Amino acid sequence: MPESKSMLLKGGTALIHEENDVVVARKIDILVSNGKIEKIGESIEAGDVDVIDCTGKLISPGFVDAHHHCWQTQLKGTHANHMLLEYLPTGNLAAYLFKPDDLYIGQLGGLMELIDAGVTTVVDHCHAIYSPEHADAALKATVESGIRSIFCYSSTLRVTEWDQESLSMEKNPLPDWFLPHLVKLASQRHADGRVEIGLGYDMFFLGEETNKLVFKTARDAGVKLITTHWSNKSPVLGSQSSITTMDQQQLAGPDVLVSHSNQMNDSDAVIFKKHGMSVASTPMTELQMGLGLPICYDPRFEDRAGLGIDCHSSGAGDMITQMRVGLQAERGVFNQKYVEQGKNPRTCKQTVEHAFNLATIKGARACKLEDKVGSIAVGKAADFVIFNTETPAMVCAAKRAPIAAIVLHSSIRDIDIVIVDGVVKKAGSKLLPVETQNNGVWSWREIVAKLDESYEAIEGKAKKINYQVGKQSIAAAFQLDWDNFPEV
């Protein structure tokens with residue numbers, strides 16, 4: 001399978017966006033040169049390029065994951081039955097157990113899972129940065145994976161000591177090295193621009209002066225995007241609105257992407273729209289952890305909402321699942337009011353096309369990357385996910401309704417080829433080897449061996465700490481009211 005940035009995709013069925021509408025173009029050719037789409041049409045003649053026969057295949061834009069913590073691979077399976085308060089010590093604070101090498105291989109594993117699932121672009125909120133070496137390790141894995149990323153260098157609560165009896169946190173969530181290292185990374189060019197630097201920030205409690213310093217430093221350094229977590233009426237995340245805070249402190253802007261944002265009230269929605277901010281919904285974790293109904297179908301956020309995976313440590317690390325879960329959850333809630341009246345709507349208000357757009361063109365808009373990705377168009381990056389339409393899941397469905405086939409019928413096994421920036425990263429339904437900077441070429445099996453080794457080391461450390469102590473420490477630090485966490 002070709003790994004060149006110049007290629008011709010021949011004879012496939014391509015999903016071509018015209019604004020938010022998708023045209024199904026059959027027997028189409030797509031010429032790629034220098035990692036970009038050069039020409040789209042029928043029977044394209046090209047010179048000395050690699051040809052990929054797409055006969056009987058479905059060519060989609062690569063999926064855009066607007067919110068993810070890609071480092072958490074070694075924690076997979078931990079949060080199957082966790083609510084948000086349980087996740088914080090076993091997920092966020094568990095970064096304490098990761099050395100830079102652990103973070104590197106966890107990051108690489110998480111990103112390879114995304115590529116395997118057809119995600120070609122990710123906004124990565126990397127909240128495991130305990131040192132400059134941790135940041136460098138995660139960024140190195142991002143570059144080597146071959147994915148397109150906005151690597152959001154992120155503030156986090158850092159644990160200094162943790163055992164069976166107690167937990168101590170670093171008093172300064174923004175150590176002296178944090179902002180200078182962010183500026184250094186933002187000043188560099190990574191993977192010829194395929195990887196850009198962003199900022200992840202959740203420390204608004206540090207006060208207006210600090211918040212302004214952080215945002216100004218990041219913007220002056222040229223970060224691509226600033227992302228933050230927030231959900232209204234959350235007993236864990238607090239009653240103070242980050243949207244209102246950013247507005248009052250003159251921090252808000254079109255470069256801000258807010259993850260979750262469930263149950264946003266009208267006054268915050270007005271602020272949100274005024275500043276051109278965007279939202280990333282993550283249906284699986286939001287529904288599980290009690291944040292509320294995903295907001296991505298709310299008409300107040302049309303064209304400013306995308307989908308994300310959030311934590312592949314708690315569930316499926318693919319956008320197909322997020323599309324499906326988000327769509328059916330929205331349909332269920334919408335239909336329920338009619339069910340209670342003994343009625344049945346004549347048609348589905350929420351469409352598969354809307355779900356598909358959230359994972360492609362709308363996700364790209366939310367991430368401020370619409371000029372590069374999210375649709376198949378001349379001049380855009382050659383980022384594609386190519387489906388086999390002859391699998392048991394896709395047969396017939398892909399002919400009749402290609403978007404429905406992807407959103408409601410497909411799975412990762414149906415993804416035959418993934419191309420990022422004109423480079424084939426998956427072919428024949430298998431991930432291709434990764435070329436590392438210092439360790440040569442690694443097959444997926446070799447990555448698995450490294451992940452297993454790291455997993456065992458982290459599990460060994462985890463036996464020496466007490467997660468219940470971690471939960472109590474978080475509750476104390478944020479003065480949580482236990483009456484808001486009822487036993488069920």
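I began with Gly35, which sits in the loop that joins strand S2 (21–33) to strand S3 (36–41); helices (H or I, at least four residues) and strands (E, at least two) are DSSP runs, numbered from the N terminus. The model is predicted, so I note that local features need pLDDT of at least 70 and side-chain atom pairs count only at pLDDT 80 or more, while totals for chains, interfaces and linings use all residues. Residues are numbered from 1 along each chain as its sequence is written, and side-chain values use heavy atoms, with hydrogens and water left out.

Gly35 counts as buried because its relative accessibility is 0%, where buried means under 20% relative accessible area, exposed over 50%, and partly exposed in between (1.4 Å probe, protein chains only). Leaving aside neighbours within four places in sequence, I found Gly35 in contact with Lys5, Ala381, Ala382, Asp421 and Gly422, contact meaning heavy atoms within 4.5 Å. The C-alpha atoms of Gly35 and Val420 are separated by 8.1 Å, although the two are 385 residues apart along the chain.

I then looked up Ser231, in the loop between strand S12 (226–230) and helix H6 (242–248), and found that Ser231 is buried at a relative accessible area of 0%. Its contacts beyond four places in sequence are Leu237, Gly238, Ser261, Asn262 and Leu291, and its C-alpha is separated by 5.9 Å from that of His260, 29 residues apart along the chain.

Next I turned to the cysteines. A search of the whole structure finds 0 disulfides, a disulfide being a pair of cysteine sulfur atoms within 2.5 Å. For Cys367, the closest cysteine sulfur is in Cys152, 8.9 Å away, which is too far for a bond. Cys367 is buried, with a relative accessible area of 0%, and Cys54 is buried at 0% relative accessibility.

The structure holds 14 aromatic pairs, where rings of Phe, Tyr and Trp (its six-membered ring) pair if their centres lie within 6.5 Å, and planes under 30 degrees apart count as stacked, over 60 as edge-to-face and the rest as tilted. Trp162 is buried at 6% relative accessibility. The rings of Trp162 and Tyr467 have centres 5.8 Å apart and planes at 85°, so this pair is edge-to-face. This pair links Trp162 in strand S9 with Tyr467 in helix H15 (residues 467–477), 305 residues apart.
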